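Good morning, and thank you for making the time. I would like to take you through one structure, beginning with a pair of helices and ending with some individual residues.

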Amino acid sequence: MGINDFSYCRETLGLYEDIDFTALINGSSYNEPTTTCEAYAIMLHKITNRYPDAEVYCFTLPAKKNFVGNEEAVYVRYNSSLKKLADHFGCISVDTYHDSGIIRDKKTNEMYLADGVHPN
């Protein structure tokens with residue numbers, strides 16, 4: 001979860017810091033999320049509660065070849081929120097943006113990304 005949300009819902013991504021977890025998650029019931037980060041929080045809450053012994057891995061979005069305007073800054077903030085959400089729910093965070101070797105150039109993007117954004 002994350003690539004398509006960034007591509008098509010940028011104005012409603014939200015940030016980890018803006019989530020009111022008490023209002024969003026009421027035991028095993030949930031209020032309607034208004035941002036992607038809230039939906040991600042609900043998803044992680046459901047997974048970690050349903051499978052308490054599972055190791056859950058959350059990946060940040062990898063670097064993509066082209067950014068327009070301030071898009072990269074939004075991308076970095078969104079990745080930061082994904083990592084904070086993983087940490088919040090005790091999941092393992094994998095930083096593909098900084099640590100995967102996928103960088104913003106044609107060669108590595110074509111080698112590691114199926115379509116410019118999705119890892120192959």
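I begin with the crossing of α3 and α4, which is right-handed; a crossing is called right-handed if the near helix is turned clockwise from the far one by less than a right angle, and left-handed if anticlockwise. Helices here are DSSP runs of H or I with at least four residues, strands are runs of E with at least two, and both are numbered from the N terminus.

Before going further, a word on the source. This is a predicted model, in which local features need pLDDT of at least 70 and side-chain atom pairs count only at pLDDT 80 or more, while totals for chains, interfaces and linings use all residues. Residues are numbered from 1 along each chain as its sequence is written, and side-chain values use heavy atoms, with hydrogens and water left out.

Returning to the pair, two packed helices are described by the angle between their axes and the distance between the axes. Helix α3 covers residues 36–50 and helix α4 residues 71–88; their axes come within 10 Å and cross at roughly 25°. The axes are lines fitted to C-alpha atoms, for helices over the stretch in contact, with angles from 0 to 180 degrees between N-to-C directions. Therefore α3 and α4 are roughly parallel to each other, the term for angles under 35 degrees; over 145 is roughly antiparallel, 65 to 115 roughly perpendicular, and the rest oblique.

Which residues of α3 and α4 meet? From α3 they are Thr36, Cys37, Tyr40, Ala41 and Leu44, and from α4 they are Tyr78, Ser81, Leu82, Leu85 and Ala86. Contact means heavy atoms within 4.5 Å. The residues of this contact comprise eight nonpolar, two polar and no charged; Ala, Val, Leu, Ile, Met, Phe, Trp, Tyr, Cys and Pro count as nonpolar, Asp, Glu, Lys and Arg as charged, and the others, Gly among them, as polar.

Cys37 is buried, at a relative accessible area of 0%. Buried means under 20% relative accessible area, exposed over 50%, and partly exposed in between, with a 1.4 Å probe and protein chains only. Cys58 also counts as buried, at 6% relative accessibility. How many disulfides are there? The count is zero, where a disulfide is a pair of cysteine sulfur atoms within 2.5 Å. For Cys58, the nearest cysteine sulfur is that of Cys91, 4.4 Å away, and Cys58 is in no disulfide.

Val94 lies in strand β4, residues 92–94, and is partly exposed at 26% relative accessibility. Leaving aside neighbours within four places in sequence, Val94 is in contact with Tyr57, Cys58, Phe59 and Thr60. The C-alpha atoms of Val94 and Phe59 are 4.7 Å apart, although 35 residues separate the two along the chain.

Finally, the whole chain. The protein chain has six helices and four strands, in the order α-α-β-β-α-β-α-β-α-α from the N terminus. Of its 120 residues, 37% are buried. Among contacts between residues at least 6 apart in sequence, 58% join residues at least 24 apart.
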